[in-house]
Amino acid sequence: MEKQPQVIAMPPTVTDVSDRIARFAATFSADDIPSSARHMMQLSLVDWTAVAIAGTNEPVARIVREMIDEEAGVPQAFVIGSPNRRPARAAALANGATSHALDYDDTHFMYLGHPSVAVVPAALAIADKVGASPQAFADATLVGVEIACRIGGWLGREHYEKGFHATATAGCIGAAMAAARLLQLNVEQTRNALGLVSSRASGVRAQFGTMGKPYHAGMAASNGVEAALLAQRGFVPSVHGLDGAQGLAATHYGSYEASALEGLGTDFVFEQVQHKFHACCHGTHAALEAVKILRRNHNLMPQDIEHVTIGVIPRYLNVCDIAEPQTGLEIKFSFRMVTAMALYGFDTASLETFSDVHCDNPSLVALRNRVSVETPPGISDTAAIVSITRHGADPVSAEFDLSEPIPAADREAKVLEKAVSLLGGQRADSLWRFLEAGQALPSAWIGANRDDLAKI
């Protein structure tokens, strides 16, 4: 008797996931987007534009840009750092890699990834290609980042902890849905784009600390654009690519966290996005904020410090715990080194702080070697505890939790302050007013200021 193939049962909670996502992307009324979500998207667009411009001359940005310039192609979409328009897929690839080159862009703790760098470049490429209105671009971008955050949460922590980079995997889902919405695909076409892009979802955390990580953002954006454009032309894949028995979630350690999809279209979880105010891995930020508290309250002097202990959740040991960084990029993923730098008073919001030259600084290395990272029980995912023992003085400690809400006015001020640090005061103010008016795409502002921005 012929052996029958094994049938893998699909978890009962996922049977309608693809349909729900596709219908939300294709039919959700922009009139139902709350003003608070729109405002947060505006902040993220300012933030995205500033970090993308600042990242233009990073090696990964230059290399990808040189490749797509060499290939040339139909001039469809704007490319940051280039005078030439390129095909939408290529533009999305370059702009995604460029905007994540500094690892200074927004993150989301449900998603466990970076939403804007995956979705904004895809939406911008399609908006440029089809001549979409700024309002349509903003709406599609917000729908896309919302989907990326929720899919990241739905795939769950095991997906991330097994080594997948959610910016690339969940991010390409959001990118495809933003692109599909701008192309005005119907529900069936959008579902096809979703099924197809699920086969393109890839990216492993082994790339952290290298050019491979920012490349993931470009991959996600480009994959999303490609899937949506193919679906527009009538491409018909399996619609079970995301949630089927052998789909993305099943094969990539998805946890099928149904709660991550609750309230889709009613509540915008993107509003919980975190903007980075230190130019390094977000996993280090709670510890850096705790160090700021300790320096402010205790007149700490590096030579008096006997030992520093950082307490975080175990997941971060595989993310940002490079013990002895050898490059400025690796410093961004080193609890020990960023803590030593913060205790010496380095400005961790400054890009210049994360330079190769600091890796061999004897004073920094000596203090770095007195820092250890532990994983105490009961600590929150978004928190860190920093404890310091000193020669001839009592030990001190402080805890900081990034999930504590920031008042809207304070967040806006901090985002603008960050833009000023990256672009300069006049340029940052001009960008802020331009995007606040909402009358043109970010690419229009960058293009109009190209010569001035080249001086950054």
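1. Ground rules. The model is predicted, so local features need pLDDT of at least 70 and side-chain atom pairs count only at pLDDT 80 or more, while totals for chains, interfaces and linings use all residues. Residues are numbered from 1 along each chain as its sequence is written, and side-chain values use heavy atoms, with hydrogens and water left out.

2. Helix H7. Helices here are DSSP runs (H or I, at least four residues), numbered from the N terminus. H7 covers residues 166-182, 17 residues in all, and reaches 23 Å from its first C-alpha to its last. That is close to the 24 Å expected at 1.5 Å a residue (the expected span being 1.5 Å times one less than the number of residues).

3. The kink. Have a look at Cys 172: a kink of about 35 degrees in H7 is centred there. The bend at a residue is the angle between axes fitted to the seven residues ending there and the seven starting there.

4. Cover and what follows. H7 is mostly covered, with 17 of its 17 residues buried (buried is under 20% relative accessible area, exposed over 50%, partly exposed in between, with a 1.4 Å probe and protein chains only). Gln 184 follows H7 and has a positive phi, near 60 degrees.

5. Arg 191 and Asp 19. The count of salt bridges comes to 16, each being a side-chain nitrogen of Lys or Arg within 4 Å of a carboxyl oxygen of Asp or Glu. In one of them, Arg 191 meets Asp 19 at 2.5 Å, N to O. Arg 191 sits in helix H8 (residues 187-200) and Asp 19 in helix H1 (residues 17-27), so the pair ties together parts 172 residues apart in sequence. Arg 191 is buried at 18% relative accessibility, whereas Asp 19 is partly exposed at 25%. Arg 23 joins these two in a network of salt bridges.

6. Lys 276 and Asp 103. This salt bridge is 2.9 Å, N to O. Lys 276 is in the loop between helix H10 (248-251) and helix H11 (285-298), and Asp 103 in the loop between helix H4 (88-99) and helix H5 (115-130), so the pair ties together parts 173 residues apart in sequence. Lys 276 is buried at 0%, and Asp 103 is buried at 4%.

7. Asp 429 and Arg 433. Asp 429 is partly exposed at 36%, and Arg 433 is partly exposed at 48%.

Technical notes. Helix = DSSP H or I, 4+ residues; strand = E, 2+ residues; numbered from the N terminus.
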